[in-house]
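Let's walk through this structure together, chain by chain and strand by strand. Have your viewer ready.

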Amino acid sequence: MTGRLSTLQAAMVIARRDFTAILFSRSFFFFLLGPLFPLLVGGLAGGIGQRVQDHAGRPELGVAMSAKDVAAMTAAYQRLAPQLSNLPTLVSLGNGRESEAFDARAALSDKRLNLAAVVTGTPAAPILTGPQEQIARWQGPVGLIAAEAIAEKPSRFPDVALSPITTKTTADETRSRLVTAQLGQTVLFLLTMLLAGMVLSNLVEEKGNKIIEILAAAIPMDAVFLGKLFAMLAVSWVGITVWGLAGGAVWLSSGHSLADYPAPAVGWPAFLGLGVLYFSMGYLLLGSLFLAIGAMASTVREVQTLSMPVTMLQLLNFFFASFAMAQPGSAIELAAAIVPFSSPFTMLARAAQQPELWTHGLALGWQALCVALFVRAGATLFRRRVMKSGPAQGGSKGGLLKRAFAR
Amino acid sequence: MGSSAATSVQDGPVQGSAERPLAIEARGLIKRFDGFTAVDGVDLSVPEGSIYGILGPNGAGKTTTLRMLLGIIDPDSGLRRILGHDRPHEVAHTIGYLPEERGLYPSMKAYEAIAFMGALRGLPLNEGRRKGKELLEAHGLGYAIDRQIRQLSKGMAQQVQLLGTLVHDPRLVVFDEPFSGLDALNQGKLEKMIRGLAEKGTTVIFSTHVIAHAERLCDEVAIIAGGKVPFAGPVDVARDRIRPQVRLETRAQDGAWRAALPQDARHEGSFWYFSLPETGIEPLLRALIEGEAGILSLSIERAGLHDAFVAIAGEAAARALELGGEEERSQ
């Protein structure tokens with residue numbers, strides 16, 4: 001004789017089946033390889049960008065003055081270059097002719113040259129010709145070179161004694177934490193979108209296999225939804241563990257360590273722990289919404305139609321959280337932390353920037369409540385809409401929204 | 001049987017024998033989809049240990065009724081009580097369900113599929129695996145134990161699902177159109193299995209649009225058409241709604257005896273057809289003998305379930321029922 005299953009036990013039956021099925025499927029293999037593709041594409045794009053940059057070379061500043069003035073400007077440039085790292089490359093133009101006769105505009109249009117601006121006139125009264133932004137940027141350096149060129153005696157630069165420190169400055173720390181927060185948000189967004197899409201495909205496949213009615217007859221739909229969500233979550237944890245171990249091994253073997261990088265405000269262990277929790281919540285929130293979509297839709301086309309605006313909205317949530325990240329403690333950050341779908345991103349960024357931990361407990365509780373509500377709503381929609389038969393069945397009758405909310 | 005039986009149908013609904021405790025009780029179930037009423041006030045009483053048929057054409061509301069009874073969907077109004085519980089999922093571990101649209105995970109092995117269906121009903125997975133293998137062996141499918149569902153024929157996969165429905169020894173088994181898609185041999189096997197379940201005390205309820213299955217198997221039936229149940233009760237009571245049909249052949253074509261024939265008597269060739277009069281056959285026999293009609297043959301036949309269906313649900317529903325059967329045979 002069998003015993004009645006609780007909702008959690010029933011969810012476990014579903015989760016165990018889905019977890020095993022996904023883990024031993026081809027799609028999981030490709031899922032594991034997933035991070036290699038952006039790395040590969042990023043590496044290729046970076047390499048190509050570097051080649052383009054090398055090919056383009058540094059923009060040059062042309063000097064078209066009398067031979068004497070060009071010599072003075074070049075000598076001044078060579079004296080200043082070791083002191084100032086951002087001076088433009090100086091090239092001599094006009095074969096020492098008087099600068100009045102030189103056509104700077106024509107030189108700037110000459111495809112054989114790589115000129116960004118041209119300085120004519122004399123060191124005492126230099127004329128800088130070029131695009132507005134460029135000449136505004138080079139006005140200072142050109143003035144410096146010209147001043148050095150007309151100086152009676154070359155400037156003498158005192159030796160600056162260097163006193164390097166190993167700790168990061170406050171400015172460094174703030175910038176690094178911002179980068180960590182941004183990186184965390186991006187990884188979270190990409191992973192949650194990928195997994196929520198996978199759980200939706202899984203449900204659609206199940207509807208196609210006609211298994212869903214057997215599940216719905218045996219256990220509550222809440223349990224089916226929970227089981228599916230947790231199976232995919234467990235699969236993603238396996239994936240993250242594999243990626244973490246493989247990436248960590250490569251990273252450590254190349255001589256890096258976490259200590260080389262400024263710790264997030266809550267510290268690395270807490271940040272990584274919160275990262276896993278916020279990833280889980282972010283995925284459960286989006287996954288439950290996608291399951292509700294799967295519940296409303298009768299066909300794959302309907303699933304695509306419905307999931308597109310949700311994907312766009314989630315992108316907006318991501319941008320909202322990114323925007324809020326730059327304004328810690330503001331009303332905007334609070335709003336982004338309350339909106340369920342932007343909350344995990346916002347709070348992870350907060351963990352990188354702010355040391356308090358209690359706010360994370362509150363946020364995780366709120367997110368868990370939202371997950372429960374979405375799962376329940378999705379299950380209710382499913383029971384209302386999916387298991388109907390008779391003449392009204394099918395995807396073509398009535399609008400999606402009308403069918404979703406009709407009893 | 002060419003007579004119009006509708007004239008002799010007794011009025012008023014007849015409910016099933018309620019002496020045995022009820023496995024399923026439904027009162028006034030209503031379900032609407034997008035303004036269409038799929039089920040319109042269905043009442044059912046399924047006694048424990050009985051074989052109960054829900055008989056009706058495609059689109060009559062059979063599947064929706066079963067889904068409401070099982071808690072897959074909720075009725076818009078009405079009451080349902082399954083094995084003494086208002087919430088079907090509370091007793092899901094004692095119910096087996098085979099839906100009309102069969103479905104299994106294609107990558108699962110046959111015995112794992114059975115174990116999984118058992119696990120959904122609370123059977124421990126290891127026990128389910130063991131029983132799954134035993135059941136497959138016992139039903140001549142031992143060679144398929146380790147085969148994936150996608151490697152099985154449609155008929156074999158259907159049998160695997162059927163075994164999965166029964167692996168946890170349910171008290172109540174619900175089949176939705178269980179005979180559809182099965183060949184005659186497997187239909188016979190399934191009928192035998194259903195009888196075997198009932199002999200063990202299991203309640204079996206199934207929907208069908210094939211009257212012959214219901215007539216051969218069921219203790220009670222509910223006739224459903226257009227979402228309504230115009231009759232629910234024992235098969236015999238359904239048949240008794242039509243008076244037995246008399247076929248009389250006489251040597252004489254005419255005589256005073258003809259005045260003794262009932263008003264609905266119809267003459268075809270040398271035969272007379274009419275419903276058995278309420279006064280019985282004796283007064284008519286006396287008139288025939290005294291009138292020297294010369295009785296060549298006389299038969300009194302009890303009405304079949306088909307005639308009862310026509311009389312109860314109407315000609316249109318009967319035609320839809322026959323059409324459904326023909327479509328299935330042609331597939």
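Predicted model: local features only at pLDDT ≥ 70, side-chain atom pairs only at ≥ 80, totals over all residues.

Residues are numbered from 1 along each chain as its sequence is written, and chains are lettered from A and ligands numbered from 1 in the order in which they are written.

Start with chain B, which is split into domain 1 (16-235) and domain 2 (243-301); such bounds come from an automatic or database domain assignment. The C-alpha centres of these two domains of chain B are 46 Å apart.

Now turn to where the chains meet. Here 34 residues of chain B contact 30 residues of chain A, a contact being two C-beta atoms, placed from the backbone, within 7 Å. Strand 2 (36-47), helix 1 (62-70) and helix 2 (110-120) of chain B each give two or more residues to that side. Helices (H or I, at least four residues) and strands (E, at least two) are DSSP runs, numbered from the N terminus.

Finally, look at an open sheet of four strands in chain B, ordered 11-12-10-13 with antiparallel pairing. Two strands pair if DSSP finds at least two bridges between them. Strand 11 (266-268) and strand 13 (295-301) of chain B are at the edges with a single partner strand each, so one side of each has no neighbour in the sheet. Further in, five bridges link strand 10 (residues 245-250) of chain B to the antiparallel strand 12 (residues 271-275) of chain B.
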